[in-house]
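Subject: Handover of a structure and the findings on it

Dear colleague,

Please find below the sequence and structure that I am handing over to you. My findings follow directly after them.

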Amino acid sequence: MRSDVDEEFARYVRARQHRLLRAAYLVCGDAHLAEDLLQGALTKLATRWDKLRTENPDAYVRRILYRDAVSSWRRTRRESLSSLPLIDVPVRDRTSQTGQRIDLDRALAELTPKQRAVVVLRFFEDRSELEAAEALGVSVGTVKSQTHAALGRLRELLPDFAPHLSGKDQP
């Protein structure tokens, strides 16, 4: 019985690890921290695998990822690089997907950790305000205010994308 559970868990991890790692990276903006967050979340899932395998293990892992990211921000109040100007990297075609990704990565790095998490949950994960609040362990009002502030900051940083940054909660 134990080897069946282990193999089933291994298949789950192999099938979802890349998507979960991407979500972790988008939330925290640091590849190493994202790997640590995912490893911790998968470890927590492994201890509860017998119960959660028939429920929704993806939701459990994502909730752990987001809450652990928030906890890490609270524990380690690291120096913020947001006061530094963006480095201007020449990109031949500013409308290319690569150029847009570079701009978006830099702009996301300029957001506060909570703003970044809210943007990822609301627009990458397509979560409602309530779902984002539950995943982060904050109020819906916090999600609303952080979304508003984040979209305003992104409009400043990415003026070419401003028309696309109206947000779901905007008219």
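How many helices and how many strands are there in the chain? The chain has eight helices and zero strands, where helices (H or I, at least four residues) and strands (E, at least two) are DSSP runs numbered from the N terminus. The order of the elements from the N terminus is accordingly α-α-α-α-α-α-α-α.

Two remarks on the basis of these values are in order. This is a predicted model, in which local features need pLDDT of at least 70 and side-chain atom pairs count only at pLDDT 80 or more, while totals for chains, interfaces and linings use all residues. Residues are numbered from 1 along each chain as its sequence is written, and side-chain values use heavy atoms, with hydrogens and water left out.

Overall figures

Of the 171 residues in the chain, 37% are buried (under 20% relative accessible area, with exposed meaning over 50% and partly exposed in between; 1.4 Å probe, protein chains only). The accessible surface of the chain is about 10,700 Å², and carbon and sulfur atoms hold 51% of that area; the areas come from the Shrake-Rupley method with a 1.4 Å probe, and for residues only the protein chains shown count as cover. Among contacts (heavy atoms within 4.5 Å) with a separation of 6 or more, 62% join residues 24 or more positions apart.

The nonpolar core

The largest nonpolar core contains 44 residues; such a core is a set of buried Ala, Val, Leu, Ile, Met, Phe, Trp, Tyr and Cys residues joined through side-chain atoms within 4.5 Å. The elements giving two or more residues to this core are α1 (2-28), α2 (31-47), α3 (49-52), α4 (57-75), α5 (97-110), α6 (113-124), α7 and α8 (140-157). Helix α1 provides the largest share, nine residues. At least three residues of this core come from each of domain 1 (1-78) and domain 2 (94-162), with bounds taken from an automatic or database domain assignment. Y12, L45, V61, L65, Y66 and L136 have the most contacts inside the core. Apart from neighbours within four places in sequence, L65 is in contact with L20, A24, L37, L38 and A41.

Helix α4

S72 lies in helix α4 and counts as buried because its relative accessible area is 7%. The C-alpha atoms of S72 and L33 are 9.3 Å apart, although 39 residues separate the two in sequence.

Helix α6 has twelve residues and spans 15 Å from its first C-alpha to its last, close to the 16 Å expected (1.5 Å times one less than the number of residues). V120 belongs to α6 and is buried at 2% relative accessibility. Not counting residues up to four places away in sequence, V120 touches A23, L26, V27 and E125.

D126 is placed in the loop between α6 and α7 and is exposed, at 54% relative accessibility. Its phi is positive, near 55°. Most residues other than glycine have a negative phi.

Helix α7

In helix α7 (residues 129-136), the buried residues are E129, A132, A133, A135 and L136. They lie on the same side of α7, because they cover an arc of only 165° around the axis, taken from the directions from the helix axis to the C-beta atoms. After α7 comes G137, with a positive phi near 70°.

Yours sincerely
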